[in-house]
Amino acid sequence: MTVNERQYTRQIEPRLLLVHFLRDDLRLTGTHWGCDTSNCGACVVLMDGEPVKSCTVLAATASGHEIRTIEGLEVDGVLDPVQQGFTEEHGLQCGFCTPGMMMTARALLDRNPDPSNDEIREALSGQICRCTGYATIVRSVRWAAEHSTEEVQR
């Protein structure tokens, strides 16, 4: 599979979950393992551009697919607007849910560069944050949308 634009080939157990492959085999620990039941969304990564809960995906089924993790958002030392938005608008506290929130937000903005607040809330409805409340998270994604548009116009 390709992870963050880098090709990987490994022999793995057929039952190995993608979240464990990323964290344990590739040492990409930004993808968090939370509930193990697909309820919390902390493990969200992008598979071919679509958010998936990596605790429910067998690593073997990701073969031939493009996986993007939180480590793949920053490029050459420049934060993705989603990452910068969470910083600017204080969209995180403990940070445990943040990678999954950011990956889901990135997928939303990739398909809808100017979502409404309701569309942001709907996109993030599969994510659980136990710390911040969602107002600052929605503002963070809104900030990213506004600044992503500015980057495209430059």
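How much space lies in the largest cavity? About 30 Å³ of space lies there, and the structure, which is a predicted model, holds one cavity of 30 Å³ or more. Let's start with that cavity, move on to a helix, and finish with a sheet and a loop.

**The cavity and its lining**
- If you want to find the largest cavity, look for its lining residues: Gly91, Leu92, Gln93, Cys94, Gly95, Phe96, Cys97, Thr98, Cys129, Cys131 and Thr132.

**Thr98, from the lining into a helix**
- One of the lining residues of the largest cavity, Thr98, also has its place in helix H3, which covers residues 98-111.
- Is Thr98 buried or exposed? Thr98 has a relative accessible area of 7%, and because buried means under 20%, Thr98 counts as buried.

**Helix H3 as a whole**
- How many of the 14 residues of H3 are buried? Twelve of them are, so H3 is largely enclosed by the rest of the structure.
- The buried residues of H3 include Thr98, Pro99, Gly100, Met101, Met102 and Met103.
- Further along H3, Thr104, Ala105, Arg106, Ala107, Leu108 and Leu109 are buried as well.
- You can check the span of H3 yourself: at 1.5 Å a residue, its 14 residues should span 20 Å, and this agrees with its end C-alpha atoms, which are 20 Å apart.

**The sheet**
- Five strands form an open sheet in the order E2-E1-E5-E3-E4, and their pairing is mixed.
- At the edges of this sheet are E2 and strand E4 (50-53), each of which pairs on one side only.
- Strands E1 and E5 (residues 66-68) run parallel and are joined by two bridges.
- Opposite Thr2 you will find Glu66, which is in E5.

**Asn4, in a loop**
- Where is Asn4? Asn4 is in the loop between strand E1 (2-3) and strand E2 (6-7).
- With 21% relative accessibility, Asn4 counts as partly exposed, because the limit for buried is under 20% and for exposed over 50%.
- Asn4 and Ile70 are 66 residues apart in sequence, while their C-alpha atoms are 8.9 Å apart in space.
- Leaving out neighbours within four places in sequence, Asn4 is in contact with Leu28, Glu66, Ile67, Arg68, Thr69, Glu71 and Gly72.

How values were computed:
Residues are numbered from 1 along each chain as its sequence is written. This is a predicted model: local features need pLDDT of at least 70, side-chain atom pairs count only at pLDDT 80 or more; totals for chains, interfaces and linings use all residues. Side-chain values use heavy atoms; hydrogens and water are left out. On a 1 Å grid over the protein atoms alone, a cavity is a set of points where a 1.4 Å probe fits but cannot get out, and a pocket is an open set with protein on both sides within 12 Å along at least five of seven lines; lining residues have an atom within 4 Å of a point. Grid points are joined across faces, edges and corners, and a volume is the space filled by probe spheres set on the points. Helices (H or I, at least four residues) and strands (E, at least two) are DSSP runs, numbered from the N terminus. Buried means under 20% relative accessible area, exposed over 50%, partly exposed in between (1.4 Å probe, protein chains only). The expected span of a helix is 1.5 Å times one less than its number of residues. Contact means heavy atoms within 4.5 Å. Two strands pair if DSSP finds at least two bridges between them.
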